Amino acid sequence: MKLFALFTAAFTAVMTELLPAGLLPQLSASMGVSQAQVGFLVTAYALASFAAAIPVTALVRGLRRRPLLMVVLAGFALFNLVTAVSDSYPLTFAARLLAGVMGGTMWAMLVGYAARMVPAERRGRAIAIVSAGITVALCFGIPAGTALAGVLGWRTAFAALSAVAVLLVGWVRWAVPDLPGEPAASRAPLREVVALPGIRTVLAATAFLLLGHQAMYTYLAPFSPGDTGLVLLVFGLATVAGVALTGAFVDRYLRALLLGALALIALAMLALGLAGAAPLVAVAVWGAAFGGAPTLLQASLVEASGPANADVATSMQTTVYNAGIAGGSFLGGLVLDGAGAGALPWTALPLVLVAVTLATRVSKRPIVHIV
């Protein structure tokens, strides 16, 4: 139950961050702004997470984990409720920024929290369980939120997400053990962690993958008008296969799985570009490959940093991850307005190819000390 509570926290964070991507037309019509401007709500969240992850993590490393997580979840509840009732784009934008601060704080602590709650031989699996919250949000959450908004309105979707966060506060209080923060004397400085072999390579691969992925994913609605819900559902369902494969083999074949996943994402971008639409086979390949990517990247980072430095390393990855989301959604919006939706896959492809190249330099060592 304790790991599934953290899994649900990850699910809630991803839903909060990416739900606007499935509701571009509705939010655009309701607020009187362009779909690209609605996409910038994703950018706002990601920018705030990017800016907050490292400094906030530095400030809260000494605090107990459970109360901190409960405060973050309460923040999600509040800012999603503000989004649900707001008629103002500036107010919604501000709520998204503040929600992003909550997200940056959560992602910087979540993997390290999970790793500390279980014996050393189960750490890899714990990371996979928590990271699966990302996959389930993509698989079921975003399509379900989009469908709910289609029936009851987009405000209901955000209100429901706020209610989930409120319930999760109670679940965390009941089921998740409270762990102490890190004593000041044991905290490795950021510069020492970032200098560890492999850290910068994994962070760079993360950045380029998210730049390419998010430039395409944020604007699937205009790229595939009329069947956005189906495309999102296929993408999400395919992530289940990806995360299952990753969970089964990550401990033995980390580097091969990472390389294979990134290469398949690049192949999917090529297929989308050539088709000029979203053929479901290409979307399924993209979803399956991307489904395991968070676990593969996080496992690679923990392998490079060691569990003792996981909080610091994952705070840097949170910063980079959200920089990629912000940059990708912003870049995609510019391309959408300037060249049209058909140019989006061709924008994403070279960025993902850079990530593939970087992944060839990731350490070949198995992650023996976290399994």
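## Cavity lining and helix packing

α14 gives the most to the lining of the largest cavity, with six residues. This is a predicted model, in which local features need pLDDT of at least 70, side-chain atom pairs count only at pLDDT 80 or more, and totals for chains, interfaces and linings use all residues. Residues are numbered from 1 along each chain as its sequence is written, and side-chain values use heavy atoms, without hydrogens and water.

**Exercise 1.** Describe the largest cavity and its lining.

*Step 1: definitions.* On a 1 Å grid over the protein atoms alone, a cavity is a set of points where a 1.4 Å probe fits but cannot get out; lining residues have an atom within 4 Å of a point. Points are joined across faces, edges and corners, and a volume is the space filled by probe spheres set on the points.

*Step 2: count and volume.* There are two cavities of 30 Å³ or more. The largest holds about 260 Å³.

*Step 3: residues.* Its lining has 20 residues. Trp107, Ile134, Pro294, Tyr321 and Ile325 lie nearest the centre.

*Step 4: helices.* Helices are DSSP runs (H or I, at least four residues), numbered from the N terminus. At least two lining residues come from each of α1 (2-22), α6 (123-152), α9 (199-217), α13 (293-305) and α14 (310-338).

*Step 5: classes.* The lining has 12 nonpolar, seven polar and one charged residues. Here Ala, Val, Leu, Ile, Met, Phe, Trp, Tyr, Cys and Pro are nonpolar, Asp, Glu, Lys and Arg charged, and the others, Gly among them, polar.

**Exercise 2.** Classify the packing of α11 (residues 228-275) on α13.

*Step 1: geometry.* The angle is about 95 degrees, and the axes are 9 Å apart. Axes are lines fitted to C-alpha atoms, for helices over the stretch in contact; angles run from 0 to 180 degrees between N-to-C directions.

*Step 2: class.* That makes α11 roughly perpendicular to α13. The cut-offs are under 35 degrees for roughly parallel, over 145 for roughly antiparallel, 65 to 115 for roughly perpendicular, and oblique for the rest.

*Step 3: contact (heavy atoms within 4.5 Å).* In α11, Leu254 and Leu257 are among the residues that meet α13, whose side includes Leu296 and Leu297. The contact divides into eight nonpolar, three polar and no charged residues.

Definitions and conventions. On a 1 Å grid over the protein atoms alone, a cavity is a set of points where a 1.4 Å probe fits but cannot get out, and a pocket is an open set with protein on both sides within 12 Å along at least five of seven lines; lining residues have an atom within 4 Å of a point.
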